[in-house]
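This report describes how the chains of one assembly meet. The sequence and structure come first.

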Protein chains: 6
Amino acid sequence: MNISARNQIKGVVTEIKPGVVTARVILDIGGGNRLSSVITMESVEDLKLKPGDTVYAIIKSTEVMIGKD
Amino acid sequence: MNISARNQIKGVVTEIKPGVVTARVILDIGGGNRLSSVITMESVEDLKLKPGDTVYAIIKSTEVMIGKD
Amino acid sequence: MNISARNQIKGVVTEIKPGVVTARVILDIGGGNRLSSVITMESVEDLKLKPGDTVYAIIKSTEVMIGKD
Amino acid sequence: MNISARNQIKGVVTEIKPGVVTARVILDIGGGNRLSSVITMESVEDLKLKPGDTVYAIIKSTEVMIGKD
Amino acid sequence: MNISARNQIKGVVTEIKPGVVTARVILDIGGGNRLSSVITMESVEDLKLKPGDTVYAIIKSTEVMIGKD
Amino acid sequence: MNISARNQIKGVVTEIKPGVVTARVILDIGGGNRLSSVITMESVEDLKLKPGDTVYAIIKSTEVMIGKD
């Protein structure tokens, strides 16, 4: 399936912190950058996410802000 | 100012496509990755954004989904 | 690709209203319900979206509010 | 009150999974579709949400992505 | 209708900037604060929004970030 | 750093409810208004947030809906 979300960045899961309803997932996307994601625990289980998995961070353009020094 | 948003990724503006209310801004964040952002035209003007600017993409963790093949 | 987003609802594109940066896409998801989506024009072009296409509306759980009379 | 959010879909609460800060609420919206929502525990208590309640899922258009096979 | 969104702030519309798909609406919420909103043009028309209208800004808690100097 | 987010509203932290992955933070923004925010626990710790802190609520325009009676 192709998705309209303009940002689909390849990365490797480095950490999963489970909560009750949500979990926090950390990705290493290379170039010294990491991405933090909060998704439901059900998603973690459905995708069988675990550290070392190669995945994609998917982000809709309207959710990306810009900061400038 | 420090911001709660967990994702603050350094990049260089490569393209700005102006619209009426919103604009699309493309960043090169290195490692072969680009990020697409849709912000208001007023933001583009206030930050005086132009191609070549070094900026940060700021993304709240709750806006990051995960895809897995 | 499997996506963490819990909501993936099948529908048919009934209308596309193009803008400059963004477009509005209307889906018929059956049961008398329609869904309205605002995505970038680039997404409309990349997915070659047109009325009659069978697609999926994808919505992260954290974006769904509840209203009660 | 009328709300700008274009998507207001009637459904029935089928499940509430409480967490500490947030809860997950599942709605049956008919036509074989369910919707998953993550809202605060305070919202669940304020709206006195319980399985069987008829409610509306409210989703802003900018939060709806499109996927196409 | 009661809505799960925790933030419902009363204000007065001071400006509407129409675009093609979206519009920008500015509210004066008192205490020297204004709020900027981007909604669809269809919403502006459906709600018959115009400067001087008393309205509510509605914001889901998961969309509010915190900054600290 | 200047941020594209159009809404940056000064307030005082009045309450922090910690969860496992996320926390809820309540701000008093004056004029009788409060704002509710859900951010990660890591953010609360990184910003060393505590009741009494003067902070800013930061909200992207695309996340602000309008309600009208």
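The model discussed here is a predicted one. Elsewhere, A:Arg6, B:Arg24, B:Arg34, C:Glu42 and C:Asp46 are joined into one network by salt bridges that share partners.

A salt bridge also links F:Lys68 and E:Asp53, with 2.9 Å between the closest N and O atoms. Here F:Lys68 is in strand β6 (residues 65–68) of chain F, while E:Asp53 is in the loop between α1 (41–46) and β5 (54–59) of chain E, so this pair too joins two chains. F:Lys68 counts as buried because its relative accessibility is 16%, and E:Asp53 is buried with a relative accessible area of 8%.

Over all chains, the structure holds 36 salt bridges. The table gives some of those that join two chains.

| Lys or Arg | Asp or Glu | Closest N and O atoms |
|---|---|---|
| B:Lys68 | A:Asp53 | 2.8 Å |
| A:Lys68 | B:Asp53 | 2.8 Å |
| F:Lys68 | E:Asp53 | 2.9 Å |
| C:Arg34 | E:Glu42 | 3.3 Å |

### Chains A and B

The contact draws 34 residues from chain A and 34 residues from chain B. Of the interface residues of chain A, 100% are also interface residues in chain B, so the copies meet through the same surface. Together the chains bury about 3100 Å², and 58% of this area is on carbon and sulfur atoms.

Two salt bridges are counted between chain A and chain B. One of the pairs between these chains is A:Asp53 with B:Lys68, at 2.8 Å between the closest N and O atoms. B:Asp53 forms a salt bridge with A:Lys68, also with the closest N and O atoms 2.8 Å apart. B:Asp53 lies in the loop between α1 (41–46) and β5 (54–59) of chain B, and A:Lys68 lies in strand β6 (residues 65–68) of chain A, so the pair joins two chains. B:Asp53 and A:Lys68 are both buried.

### Chains E and C

Chain E is superposed on chain C by a rotation of 120 degrees with 0.0 Å of shift along its axis, at an RMSD of 0.0 Å. The two copies are thus related as by a three-fold rotation axis.

How many residues does each chain bring to this contact? Chain E supplies 13 residues and chain C supplies 17 residues. The buried area is about 1200 Å², with 56% of it on carbon and sulfur atoms. E:Val20, E:Val21 and E:Lys60 account for 40% of the area that chain E buries against chain C, more than any other three residues.

Two salt bridges cross the interface of chain E and chain C. C:Arg34 and E:Glu42 form a salt bridge, with 3.3 Å between the closest N and O atoms.

A:Val20, D:Val20 and F:Val20 make a nonpolar surface patch of about 180 Å². D:Val20 is placed in the loop between β2 (7–18) and β3 (22–30) of chain D. Is D:Val20 buried or partly exposed? D:Val20 counts as partly exposed, because its relative accessibility is 36%.

F:Lys10 sits in strand β2 (residues 7–18) of chain F. With 49% relative accessibility, F:Lys10 counts as partly exposed. Leaving aside residues up to four places away in sequence, F:Lys10 touches F:Asp28, F:Ile29, F:Thr54, F:Val55 and F:Tyr56. F:Thr54 is 44 residues from F:Lys10 along the chain, and the C-alpha atoms of the two are separated by 7.2 Å.

Methods. Residues are numbered from 1 along each chain as its sequence is written. Chains are lettered from A and ligands numbered from 1 in the order in which they are written. This is a predicted model: local features need pLDDT of at least 70, side-chain atom pairs count only at pLDDT 80 or more; totals for chains, interfaces and linings use all residues. Side-chain values use heavy atoms; hydrogens and water are left out. Patches are made of residues with over 30% relative accessible area and no salt bridge: like charges are joined within 9 Å, nonpolar side chains (Val, Leu, Ile, Met, Phe, Trp, Tyr) within 5 Å. Accessible areas come from the Shrake-Rupley method with a 1.4 Å probe; for residues, only the protein chains shown count as cover. A salt bridge is a side-chain nitrogen of Lys or Arg within 4 Å of a carboxyl oxygen of Asp or Glu. Helices (H or I, at least four residues) and strands (E, at least two) are DSSP runs, numbered from the N terminus. Buried means under 20% relative accessible area, exposed over 50%, partly exposed in between (1.4 Å probe, protein chains only). Copies are superposed by least squares on the C-alpha atoms of residues with pLDDT of at least 70 in both. Contact means heavy atoms within 4.5 Å. Buried area is the accessible area (1.4 Å probe) that two parts lose on being put together, summed over both.
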